[in-house]
Amino acid sequence: MIAAGEGGFHAPTIDEFFPEGVLFEGTIFELNRIRLVMIVMTIVVGGFFWLAFRKPQVVPRGLQNVGEVAIDFVKFQIVDEVIGKEGRRFLPYLTTLFFLILAFNIAGIIPPLQIAGTSVIALPMLLAICTWVLFNYTGIKEQGLGHYLKVNLFPSGLPKVMYVLVTPIEFASTFILRPVTLTLRLLGNMMAGHMVLLLFFAGTSYLLFDAGALLKPIGLLSFGMGFAFTAFEILVAVLQAYIFTLLTAVYLAGAMSAEH
């Protein structure tokens, strides 16, 4: 955490995302603060769904009701809307994707965790690769390798000479940029949000407790801005989980379609 030192206020740096190990230091199992956040939030999500459905009832009550509402959100608002009912076989993956990302994102505003598990590149990249493998596997399985490549690299209705330009663009867009953009969008949003919150709250601490009396009202303003951005970060956490899952559904729908 940033703090005001002898030289005055110190702005947050990228070092926040490279914390020192706290367990098993120097081994391949070394755990730092961010990895512990990932473990804790994975247990929370897994524990919630286990408790909700450990003894399912025909007429749901209590936690089962909440769990079914959560799953229905992904089923009706993402799967059915984007892919259709034939896409429900992907519901377990898309539900896991949405709630894991949401949990890792929201950890950034939960004391004492206070950093998103998705604010380091490893996790967004891993999830993007899983999505990339799944939609390509689905496309090849549904259409065959030749037809899948044809509909993605050679869009119908274009003059053949245009393929010289269009095919490299389609290849880069479909097979290279999709996982890259999925990764960078999620990573960039969560890193930026964490840095903004750190800036305001570190500034609040400095202005209220270390700066002169004339600057203390600005410290209160900084605290107010930090509080407002915390609320905004909740919206970003939900929105980014939704966008990642929605785009995964869009890629799956495209892979299942014989037309491009």
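**Entry 1: a ring cluster**

I started with the aromatic rings and found that ring pairs link Phe48, Phe49, Phe53, Phe73, Phe98, Phe99 and Tyr242 into a cluster. My rule for a pair: rings of Phe, Tyr and Trp (its six-membered ring) have centres within 6.5 Å, and planes under 30 degrees apart count as stacked, over 60 as edge-to-face and the rest as tilted.

**Entry 2: ground rules**

I am working on a predicted model, where local features need pLDDT of at least 70 and side-chain atom pairs count only at pLDDT 80 or more, while totals for chains, interfaces and linings use all residues. Residues are numbered from 1 along each chain as its sequence is written, and side-chain values use heavy atoms, with hydrogens and water left out.

**Entry 3: the overall picture**

I looked up the fold next and noted seven helices and two strands in the protein. Helices (H or I, at least four residues) and strands (E, at least two) are DSSP runs, numbered from the N terminus. The pattern along the sequence is β-β-α-α-α-α-α-α-α. I read a span of about 70 × 55 × 40 Å for the C-alpha trace along its principal axes.

How much of the protein is buried? Of the 260 residues, 39% are; buried means under 20% relative accessible area, exposed over 50%, and partly exposed in between (1.4 Å probe, protein chains only). I also checked contacts, meaning heavy atoms within 4.5 Å. Among those between residues at least 6 apart in sequence, 64% join residues at least 24 apart.

I find Tyr148 buried because its relative accessibility is 2%. Phe175 is buried too, at 13%.

I then opened the pair of Phe200 and Phe229, which is stacked, with 5.4 Å centre to centre and 25° between the planes. Here helix 6 supplies Phe200 and helix 7 (residues 216-256) supplies Phe229, 29 residues apart. Phe229 has 28% relative accessibility, so I put it down as partly exposed.

**Entry 4: helix 5 and its neighbours**

Which residues of helix 5 are buried? I get Tyr148, Val151, Asn152 and Leu153. The buried residues of this helix pack against helix 4 (122-143), helix 6 and helix 7.

I picked Leu187, which lies in helix 6 and is buried, with a relative accessible area of 10%. Leaving out residues up to four places away in sequence, Leu187 touches Thr118, Ser119, Val120, Ile121 and Pro124. I also looked at Leu123: its C-alpha atom is 8.8 Å from that of Leu187, although the two are 64 residues apart along the chain.

Thr183 is found in helix 6 as well, and at 6% relative accessibility Thr183 counts as buried. What does Thr183 touch, not counting residues up to four places away in sequence? I noted Ile121, Pro124, Met125 and Ala128. A reminder for myself: an α-helix has 3.6 residues a turn, so residues three or four places apart point the same way.
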